[in-house]
Amino acid sequence: NQLAIAIDGPAAAGKSTVAKLIAEELSYIYIDTGAMYRALTYKALQKDIDLEDEQALLQLLQQTTIDLQQSNNGQSVLVDGEDVTREIRGQQVTGQVSVVAKHPAVRKEMVARQKALAAKRGVVMDGRDIGTHVLPDAEVKIFLVASVQERAERRHKENQEKGFASDLEELKREIEKRDQLDSEREASPLIKAEDAVEIDTTSLSIQGVTDRILEVVKN
Ligand code: C5P
């Protein structure tokens, strides 16, 4: 019995880290929906498209293939065949992605693609609206939260490990800003699904969070 597992929550709450581990543990596929919004944002910035122009973004998305590929060192994101795995984590994309993601037409197309990707069960999908809109029938729904300070510190460490420039105070501001935009937008805002299990990861280790989720899966 293959399940669908939805993991939602605010920015940098550790969703992708634990989602990957859970997918590995259960031999499920992992789908990072944030990477899809980031990929579109990357291409829109490259093409100098006005990020407030919903129709232009929709048109661009309709002409764009976004592939999420499993590779040895995690996941690669390809936009029209170009590997943008690193580029989509940069400051420029991170700072603008919530503007792209607020447009209902863009979300509708993304959600359709995400549903198709998850059509075969045995999937762990992370994002903001997975439990509420993408996979409302998911057997397991998790909502991960953590304090802004904790999330910024984790991201800071991660950035340093990857050799990215990183400033803790700036990260805090960026995370708060993005959460605000994601929570206040009209189209499928970031919100906990009624039937989701909320886990506060502030004082939990990655293994601790993973174990809690696997417990929920088994019950
Ligand atoms: O998860 P990640 O931080 O990569 O997501 C980047 C952005 O993409 C989020 O801040 C949000 O604006 C958007 N997003 C979304 N719905 C999702 C996943 C991501 O709106 N399911």
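This is a predicted model: local features need pLDDT of at least 70, side-chain atom pairs count only at pLDDT 80 or more; totals for chains, interfaces and linings use all residues.
## Helix packing, cores and ligand shell

The axes of α2 (33–46) and α4 (91–100) come within 9 Å and cross at roughly 105°, and because crossing angles of 65 to 115 degrees count as roughly perpendicular, α2 is described as roughly perpendicular to α4.

**Helix pairs**

- On the α2 side of the crossing with α4, the residues involved are Y37, R38, L40, T41, Y42, A44 and L45, and these meet Q92, V93, Q96, V97 and V100 on the α4 side.
- By class, the residues of this contact of α2 with α4 comprise eight nonpolar, three polar and one charged.
- A second pair is formed by helix α3 (residues 54–62) and helix α5 (residues 104–117), which pack at an angle of about 20° with their axes 8 Å apart; because angles under 35 degrees count as roughly parallel, α3 is roughly parallel to α5.
- In this second pair, E54, L57, L58, L61 and Q62 of α3 meet A105, V106 and E109 of α5, and the residues of the contact divide into five nonpolar, one polar and two charged.

**Nonpolar cores**

- The largest nonpolar core holds 35 residues, of which I5, A6, V124, M125 and I142 touch the most other members.
- At least two residues of this core come from each of the strands β1 (4–8), β2 (29–32), β6 (123–127) and β7 (140–145), and likewise from each of the helices α1 (15–26), α6 (130–134), α8 (168–184) and α9 (206–218).
- M125, when its neighbours within four places in sequence are left aside, is in contact with A6, I31, T33, Q114, A118, I130, V134 and L135.

**Surroundings of the ligand**

- There are 14 residues around the ligand, and those that come nearest are G34, Y37, S98, A101 and G127.
- The helices α2, α4 and α8 each supply at least two residues of the shell around the ligand, and α2 gives the most, with four residues.
- Sorted by class, this shell has five nonpolar, four polar and five charged residues.

**Individual residues**

- A12, which lies in the loop between β1 and α1, has a positive phi of about 60° although it is not a glycine; A12 counts as buried because it has 24 C-beta neighbours inside 10 Å, where the cut-off is 20 or more.
- S27, found in the loop between α1 and β2, likewise is a residue other than glycine with a positive phi, near 55°; S27 counts as exposed because it has 8 C-beta neighbours inside 10 Å, where the cut-off is 12 or fewer.
- Q91 is found in helix α4 and is partly exposed, with 15 other C-beta atoms within 10 Å.
- Although Q91 and P104 are 13 residues apart in sequence, the distance between them in space is 24 Å, C-alpha to C-alpha.

Technical notes: Residues are numbered from 1 along each chain as its sequence is written. A nonpolar core is a set of buried Ala, Val, Leu, Ile, Met, Phe, Trp, Tyr and Cys residues joined through C-beta atoms within 7 Å. Two residues are in contact if their C-beta atoms, placed from the backbone, lie within 7 Å. A residue is near a molecule or strand if its C-beta atom, placed from the backbone, lies within 6 Å of it. Ala, Val, Leu, Ile, Met, Phe, Trp, Tyr, Cys and Pro count as nonpolar, Asp, Glu, Lys and Arg as charged, and the others, Gly among them, as polar. Axes are lines fitted to C-alpha atoms, for helices over the stretch in contact, and angles run from 0 to 180 degrees between N-to-C directions. Angles under 35 degrees count as roughly parallel, over 145 as roughly antiparallel, 65 to 115 as roughly perpendicular and the rest as oblique.
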